[in-house]
Amino acid sequence: TYGIDYFCTQVGANGDMLTATREAAQNGYDIVCVQYDAEILAMIEEEAKDYPETLFYLFSARAGSDAGNQDNIVAGFFRSCEAAYMGGLVAGSMSKTGVAAFIGGQESVNLYDWMVGYVQGVERGGSKPVYSWINGENPWSDPAKAKELSRSLKNNYDADMFWGCAGQSGDGVFQAVIELREAEPDKMFWA
């Protein structure tokens with residue numbers, strides 16, 4: 001959509017992280033993004049020496065000591081609302097119906113921070129935000145409820161972009177989008 005080729009991988013142990021980071025650099029990616037921790041930084045510093053043309057971006061790291069001492073390692077620390085704003089901006093600008101949905105796990109100060117950022121990003125992207133909360137006894141592990149809410153936001157507001165900020169419940173958002181794509185192949189839905 002934005003002229004960017006990317007590859008995303010999720011790994012377990014730090015040794016796997018180093019392997020994935022090295023493979024990304026070897027495959028010629030200009031920027032390699034890695035979740036920061038002190039052990040990872042030590043590994044990345046070695047890789048950065050071998051790939052001086054690659055920019056290694058450590059997210060959730062603060063500038064200064066978290067980024068090491070090499071010019072091709074940078075740190076990026078963000079607040080929840082800022083990350084959510086960027087997601088909302090993409091969703092709002094990509095929506096074909098002009099409606100992007102947020103499905104939150106449980107109403108709380110922390111989740112409001114994510115929701116407000118997302119809502120502002122959606123609006124900035126030119127779309128209308130809608131949202132709903134799972135709440136209940138298992139807000140973080142109720143994919144059936146998240147799926148139901150996603151379908152409801154599609155049916156009642158014509159949402160075509162969905163963000164599940166709800167732990168394992170978010171699996172229901174993905175399932176709803178898969179089913180919506182199958183039911184309406186002429187339209188595009190994203191989670």
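**Close-ups of the aromatic pairs and their strands**

Searching the whole structure turns up six aromatic pairs (Phe, Tyr and Trp rings, the six-membered one for Trp, with centres within 6.5 Å; planes under 30 degrees apart are stacked, over 60 edge-to-face, the rest tilted). This is a predicted model, where local features need pLDDT of at least 70 and side-chain atom pairs count only at pLDDT 80 or more, while totals for chains, interfaces and linings use all residues. Residues are numbered from 1 along each chain as its sequence is written, and side-chain values use heavy atoms, leaving out hydrogens and water.

**View A. F102 meets W133.** Their ring centres are 5.7 Å apart and the planes sit at 70 degrees, so this pair is edge-to-face. F102 belongs to strand β4 and W133 to strand β5, 31 residues apart (strands are DSSP E runs of at least two residues, helices H or I runs of at least four, numbered from the N terminus). Both F102 and W133 are buried (under 20% relative accessible area; exposed is over 50%, partly exposed in between, with a 1.4 Å probe and protein chains only).

**View B. W114 meets W163.** Here too the centres are 5.7 Å apart with planes at 70 degrees, so the pair is edge-to-face. W114 is in helix α4 and W163 in strand β6 (residues 161-165), so the pair ties together parts 49 residues apart in sequence. W114 is partly exposed at 22% relative accessible area, and W163 is partly exposed at 23%.

**View C. One aromatic cluster.** F102, Y112, W114, Y118, W133 and W163 make it up.
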